[in-house]
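Hi there,

Here is the structure I promised to pass on. Have a look at it first, and then read my notes below.

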Amino acid sequence: MDTEALAGTWRRLITDRAKSWVLFEHGTCVVLVAPAGSDDLAGRARTLLADAGPVHPGSSAGDFGVIDLGDTAGWVVTGDHPDVLTYVGPAEPAERSELVVGLFGRGKRHRDGTDLRVVHVEDRRDAAGPG
């Protein structure tokens, strides 16, 4: 999936205008709730994902949950940090079982947590104010 399509998917999924978010190369999104005006969103997201993204066998970092998006094709795979989410498109896993989708998404999160390549920043700090 290309970056613009992936960013569009996350825009549809994250409807809270008070939440800025940062998208990584393999589909992981770090949601930043109420960042300060001077925060470097990409830097803050990299720091969080470097800690919460990589999978460490036997730890809670290996845990995952799967959310079926229903009308929006695909799934969101969650981990042990509530603000780190990974999108898995319907064409990605060879099998659509919850286990396979979860492991696939966890693998994508691990790659994003080690590569740390930001592809999009959705800065909603100005949009979150009154209006």
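A polar contact here is a pair of N or O atoms within 3.5 Å; within protein, one must be able to donate a hydrogen and the other to accept it, and residues adjacent in sequence count only if both atoms are side-chain atoms. By that rule, the side chain of Asp112 reaches the backbone nitrogen of Glu25 at 3.4 Å.

Before the rest, some housekeeping. This is a predicted model, in which local features need pLDDT of at least 70 and side-chain atom pairs count only at pLDDT 80 or more, while totals for chains, interfaces and linings use all residues. Residues are numbered from 1 along each chain as its sequence is written, and side-chain values use heavy atoms, with hydrogens and water left out.

Back to Asp112, which is found in helix α3 (residues 98-115); helices (H or I, at least four residues) and strands (E, at least two) are DSSP runs, numbered from the N terminus. Asp112 is buried, meaning under 20% relative accessible area with a 1.4 Å probe, protein chains only. Even so, Asp112 has no salt bridge (a side-chain nitrogen of Lys or Arg within 4 Å of a carboxyl oxygen of Asp or Glu). The nearest side chain of opposite charge, Arg111, is 6.7 Å away; Lys and Arg count as positive, Asp and Glu as negative, and His and the chain ends are not counted. Leaving aside neighbours within four places in sequence, the contacts of Asp112 (heavy atoms within 4.5 Å) include Gly27 and Leu49.

Gly27 also sits in the turn of the hairpin formed by β1 and β2, with a positive phi of about 105°. These strands pair in the antiparallel sense over five bridges (pairing needs at least two DSSP bridges), and Val22 stands opposite Val30 in β2. On β6 (residues 118-122), β1 has an antiparallel partner over four bridges, with Phe24 opposite Val118. Five of the six residues of β1 are buried, so β1 is largely enclosed by the rest of the structure.

The largest nonpolar core has 12 residues, among them Trp10, Trp21 and Leu69. Such a core is a set of buried Ala, Val, Leu, Ile, Met, Phe, Trp, Tyr and Cys residues joined through side-chain atoms within 4.5 Å. At least two core residues come from each of α1 (3-13), β1 (19-24), β2 (28-33) and β5 (84-88), and α1 gives the most, with three.

Finally, Asp2 caps the N-terminal end of α1, a side-chain oxygen lying 3.0 Å from the backbone nitrogen of Glu4.

Enjoy exploring!

Definitions and conventions:
Buried < 20%, exposed > 50% of the residue type's maximum accessible area, 1.4 Å probe, protein only.
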